[in-house]
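Please take me through the features of this structure one at a time, with the general idea before each case.

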Amino acid sequence: MSTITTRLRHLILLLPLLVAGGAAAGPDNHVDIARGKALVIAGDCIACHTAPRGERFAGGLALQTPFGQIMAPNITPDNTTGIGSWSADDFARAMQEGRRPDGAYLYPAFPYPYYTKVARGDLDAIYAYLRTLQPVENRVDRDTLPFPFNIRLLMKGWNTLFFTPGPFKPDSARSAEFNRGAYLVEGLGHCGACHTPFNSFGASRNDKYLEGNQIDNWTAPNITNDARAGLGKWSADDIVQYLKTGQNGFSLASGPMKDVVENSTSKMPASDLKAIAVYLKERGAAGPPASTPLLASDPRMQAGEAIFVDTCAACHMRSGDGVAHLFPKLAGSAVATQQDPATLVRIIVAGGRAAATDGAPTSPAMPSLGYRLTDSQVADVVTYVRNSWGNAAAPVTEETVKALRARVTGAAAGD
Amino acid sequence: MVRRLPRKDVVIVGLGWTGSIVAYELARLGLDVVALERGPWRDTASDFNIGTAPDELRYAVRHDIFLRPKQETLTMRNHPSQTALPIRKWGSFLPGNGVGGAGLHWNGQTWRFLPDDFRIRSHMIERYGAGIMPEGNQIQDWPVSYDELEPHYDRFEQVAGISGKAGNIKGTIQPGGNPFEGARAREYPTPPMKQGYAQSLFTKAATGMGLHPFPRPSGNISSAYTNPYGCSMAPCTYCGFCEWFGCANYSKSSPQTCVLPALVREPTFEARTDCEVTKVNLSADGKMATGVTYIDAAGEECEQPGDLVLVCAFSLFNVRLLLLSGIGKPYDPATGEGVVGRNYAYQTGSGASAFFEDAKFNPFAAAGSLGVALDDYNSDNFDHGPHGFVGGASITSAHTNGRPIRYHPVPPGTPAWGSAWKKAVKDTYQRVTYVGAQGSVMSYRNNYLDLDPTYKDPLGRPLMRMTFDYQPNEQKMANWMAERCQEIAKAMGAKTTQLNRLRVPWSVVPYQTTHNTGGAVMGSDPNTSVLNRYLQSWDVSNVFVMGASAFPQNAGYNPTGTVGALTYWSLEAIFKYLKSPGALVSR
């Protein structure tokens, strides 16, 4: 049996070489494999395709979607449980069309609406690299969605409505650097998968591209060039520094972005980071209209200030300025004033930790304070942070905190 | 059944300040480095939450981050004529347990020893004649000079982010700093801490007396700082939970804040915690270490082969490991022969309490190394001729804490409990401050460490025996210093003062200081030292021993600054050793 499998695999390994000619990598094509590895890093494939404490790329991570749980598949070249039997064309079709080799539809939790823009040459390099991984036998249950979403054919209709296949088309009016950034952000980097709001069908809203979303109970902030909600105050170098080290004078990466920085952007070449920064700075700005700050005399502000002084000010400073490299600045923070307060609330309730990179290895932690602050107290202090030192954003209610605490800590909402 | 593990380039015993520094500096060369630490892993984010770190009961009373006597203890006596008994509850000193070691629970006072301290024997005899040397002393010059150590003191201060004010930059005296210090290459990496009311009174009084006060160099740092390893620190919040605690605020210099974040990123570094090294293994001829044997967390005995063995445990346990491994000849006070265990020393504490009529010292707004000090009475900065003792002390006005459970100052004569005691605590808490003298301890024939003939640890190995007492020289010095402290306390305006003399005989019960030095000292003569001037064993050339165990005697300062400097000094030699292994000094 195993001999047959091995022989089959050798045969399959050869097939793309025969069929696609030079497009696929031969096993000694180190240049393509190294390029594929860099692309896999840029795409942060490891983030979804590796389970906690699981083998790298062997799948099994449960992705929570509004429609139910989807288990990310094994993408090691194991013949039975991974993608060992896939050809380069099979792989390209999955990435570009969201279809499995047997024609079955994939769900867009696998962000093929972004990957469709990746050039075939890059897809082949990724394929070549994935084939160099150690095959891991790890069967992942690929059918965990409840009825009716377990009917994969439904995605045919979804694709008709929301999916525009086709490779990235550079804008000849823009610089090569801008286009490189666009190619990375809109394609393999799939930044919009987190940073763009969904419609009720779980599709990214093109009219709100990169204007922020909530992912896994974290705020994925607006990353347009909007001066207030987005990256408008950041220079291109600030963006590069953030992606490279996980921090800059404005912010420290935490939550899902911590993983993105640690696994992906901190390991990307500086030229690609610069291209991403140029694209994000030049692409355009969009955000909600400015809010009016709550009055300091508002009882929520007064209660929030008292909590802030007792509990927060030792690290974040009375001025909200924080401490460089360690304790995020809250004054003027775009994350603190996003329409969605999830990040602020959940970090207070459950704690958090910033990214560790070669450039900034410390990885400071914010302790969980949920054990000693009630929902109402968290709401007040978040409201205070969102409306102090020049910040202005909608107040946060006790109910919002209660619901988020329940989702983040598993505490019953009635507790 | 011993499990034999794959060979490593470097095996490190203990992951505190010295172990983490050498691990990082060697791992980043690409060497395969394993550190074996007998206690648990500890890091700021996981273990020291700002909500729970300032827990006096857990840490200061119940000693959460310290060694349990069941893991290891010592037997103790004051004199060789006595029978030593085991220490069943740590008291006079508290050895740390786990990653970070003493560098985790310390106060952060980070001194450089003075140039004269490194050649104290020669210096004192040159200036005062041999008659000044105390009876039974084994004081010896260090095999390294201040000038040789200066770049390495600097390196350690830069890594630890130390806050202070230079007193002597390249020979030019700097106003506001310590005019007695050896020449420094540059300023401290961060400015001095903000001082409290007591320190302002001390500064004024001492200056008026012609003395030279300056802010104490501090590892509770004054401003945000990123060190040469890329690790970031935050300004101290003066919460007063330093000594015996881990800092949750990234403000106390420690392996956790200054080294581990960079170290754990090194792909060739591995830490194994809850692993107790029982022995350094030697080749058949005893001239080379082949690795170490340890008991892992599951209780399994493992053999870890390695090319280079770096003994980086707490000073006392370095000495015991050498004794148990047969590295170097054990010291015998009867014959004066042997070296391992020789020249154990400690530290004196004396001073004056100053009770004020009306003052608010706010002792809770404090930090472990906050304070103003003066060195006019340290080392040989004053004329020892009229006093007949060797050594000196740094004199300091400081509040390290005003914590609720254990900080209950009362005037002399107050009952120990009851309503009168409560009233006295309430009346005194804000009105008392201290002038303290932390003094040197010289080395003596009868102060030493060896293996106890009777008591054994749970693994059946003999406990180490400590034979120590303060000798007449130290008593004379410390009590003279207490009087100097009292003079300053009076000049500060205290209504009443209390003289705090050196407590003799030395007792293991009340906490005094964890500045245990010597026992594996560095020197120029293999007959009176365990290590050569590069901290390399004279007998086993691939063993280096880091830490205060290398001090030939102790100076009038906290040891950590010098421990750090010696570590970088030795590392420079290890880099040379790696290119051409062998003895760096021929015997």
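**Helices, strands and contacts**

A: Helix α12 (residues 472-491) of chain B lies across β15 (348-355), β17, β18 and β21 of chain B, and runs at about 20 degrees to β15(B). The model is a predicted one, in which local features need pLDDT of at least 70 and side-chain atom pairs count only at pLDDT 80 or more, while totals for chains, interfaces and linings use all residues. Residues are numbered from 1 along each chain as its sequence is written, and chains are lettered from A and ligands numbered from 1 in the order in which they are written. Helices (H or I, at least four residues) and strands (E, at least two) are DSSP runs, numbered from the N terminus. Axes are lines fitted to C-alpha atoms, for helices over the stretch in contact, and angles run from 0 to 180 degrees between N-to-C directions; two residues are in contact if their C-beta atoms, placed from the backbone, lie within 7 Å.

Q: In what order do the strands of the open sheet of six strands in chain B run?

A: Two strands pair if DSSP finds at least two bridges between them. Here the order is β8-β16-β17-β18-β15-β21 (chain B), with antiparallel pairing. β8 (214-215) and β21 (496-500) of chain B stand at the edges, each with a single partner strand, so one side of each is left without a neighbour in the sheet. Two bridges join β8(B) to β16 (residues 372-374) of chain B, and B:Phe214 stands opposite B:Ala373 in β16(B). Helix α7 (residues 197-208) of chain B lies across β16, β17 (393-397) and β18 (432-439) of chain B, at about 25 degrees to β16(B).

Q: How do α15(A) and α16(A) cross?

A: Two packed helices are described by the angle between their axes and the distance between the axes. The axes of α15 (residues 375-386) and α16 (residues 398-409) of chain A come within 8 Å and cross at roughly 115 degrees. Angles under 35 degrees count as roughly parallel, over 145 as roughly antiparallel, 65 to 115 as roughly perpendicular and the rest as oblique; α15(A) and α16(A) are therefore roughly perpendicular to each other. Residues that meet include A:Asp375 and A:Val378 in α15(A) and A:Glu398 and A:Arg405 in α16(A).

Q: Is B:Trp90 buried, exposed or in between?

A: A residue is buried if 20 or more other C-beta atoms, placed from the backbone, lie within 10 Å of its own, exposed if 12 or fewer, and partly exposed in between. B:Trp90 has 18 other C-beta atoms within 10 Å and is therefore partly exposed. B:Trp90 lies in the loop between β5 (85-86) and α4 (102-105) of chain B and, leaving aside neighbours within four places in sequence, is in contact with B:Phe66, B:Leu67 and B:Pro69.
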